Every structure is written in structure tokens, then in C-alpha cells.
Amino acid sequence: MMTVQNPTILQHPTTIQACCPTCHHQGEFMLLGVQTWPKVVATKMGMPETIGTYQCEHCETTISEVDLSR
Ligand SMILES: [Zn+2]
């Protein structure tokens, strides 16, 4: 089960500069929270155990940092 926690784990930057896949706007994404996955699930999907969730400042789309870095 996926849980969303407050962004207290600061291995995730509070803002990321990236191009939004939804509105194609190059801008700033703000950290909304951190998803924590069980180690078994993370390993199976090839993802980190904690993933920051970010929001586009332009269209308010939320996206995970995994998708942003692609
Ligand atoms: Zn956007």
C-alpha cells in the first residue's frame, strides 16, 4: 500500500527545474510530498523506495520525480 508523507526526508529537493510533460512548460516543480513504497515493491519495479511527488507551477499537474527525470 502506498503512503504519502510530509517532505521531511530532504534527499528530495523542494523544487526541481524541468519540462512539464502535460503543458510542455519549462518551469519549476514544487515538492508536494514523498511516497514511500515497501522495499519488495520498489525492488520489483526497479524504483527507489522513496519518490518525491512534484507539482507543475504552470498547470498544477502532479508527477513523480521518476517521471520528471526521464
Ligand atoms: Zn505543467
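I began with burial: a residue is buried if 20 or more other C-beta atoms lie within 10 Å of its own, exposed if 12 or fewer, and partly exposed in between, with C-beta atoms placed from the backbone. I noted that this is a predicted model, in which local features need pLDDT of at least 70 and side-chain atom pairs count only at pLDDT 80 or more, while totals for chains, interfaces and linings use all residues. I kept the numbering from 1 along each chain as its sequence is written.

**Entry: overall layout**

I looked up the secondary structure of the protein chain and recorded 2 helices and 5 strands. Helices (H or I, at least four residues) and strands (E, at least two) are DSSP runs, numbered from the N terminus. Along the sequence I read the pattern β-β-β-α-β-β-α. For burial, I found that buried residues make up 10% of the 70 residues in the protein chain.

I then turned to contacts, where two residues count if their C-beta atoms, placed from the backbone, lie within 7 Å. Of the contacts in the protein chain with a separation of 6 or more, 51% are accounted for by residues 24 or more positions apart.

**Entry: β2 and β3**

For pairing I used the rule that DSSP must find at least two bridges between two strands. I found β2 and β3 paired in the antiparallel sense over 5 bridges. In this pair, Q17 stands opposite E28 of β3. The two strands form a hairpin with 6 residues between them.

H24 lies in the loop between β2 (15-19) and β3 (26-36). I classed H24 as exposed because it has 9 C-beta neighbours inside 10 Å.

**Entry: β3 and β4**

I recorded 7 bridges between β3 and β4, which run antiparallel. I looked up two partners in β4: Y54 is the bridge partner of L31, and T53 stands opposite G33.

**Entry: β4 and β5**

How many bridges join β4 to β5? I recorded 3, with the strands running antiparallel. T53, which stands opposite G33, also has S64 in β5 as a bridge partner. I found that β4 and β5 form a hairpin with 5 residues between them.

In the turn of this hairpin, I found E60 with a positive phi of about 65°, although E60 is not a glycine. The place of E60 is in the loop between β4 (50-56) and β5 (62-64). Why does E60 count as exposed? I counted 10 C-beta neighbours inside 10 Å for E60, so the residue counts as exposed.

**Entry: S64**

I placed S64 in strand β5. Is S64 buried or partly exposed? I classed S64 as partly exposed, because 13 other C-beta atoms lie within 10 Å. Leaving aside residues up to four places away in sequence, I found that S64 touches I51 and T53. Finally, I looked up S64 and L32, which are 32 residues apart along the chain, and recorded a separation of 9.8 Å between their C-alpha atoms.
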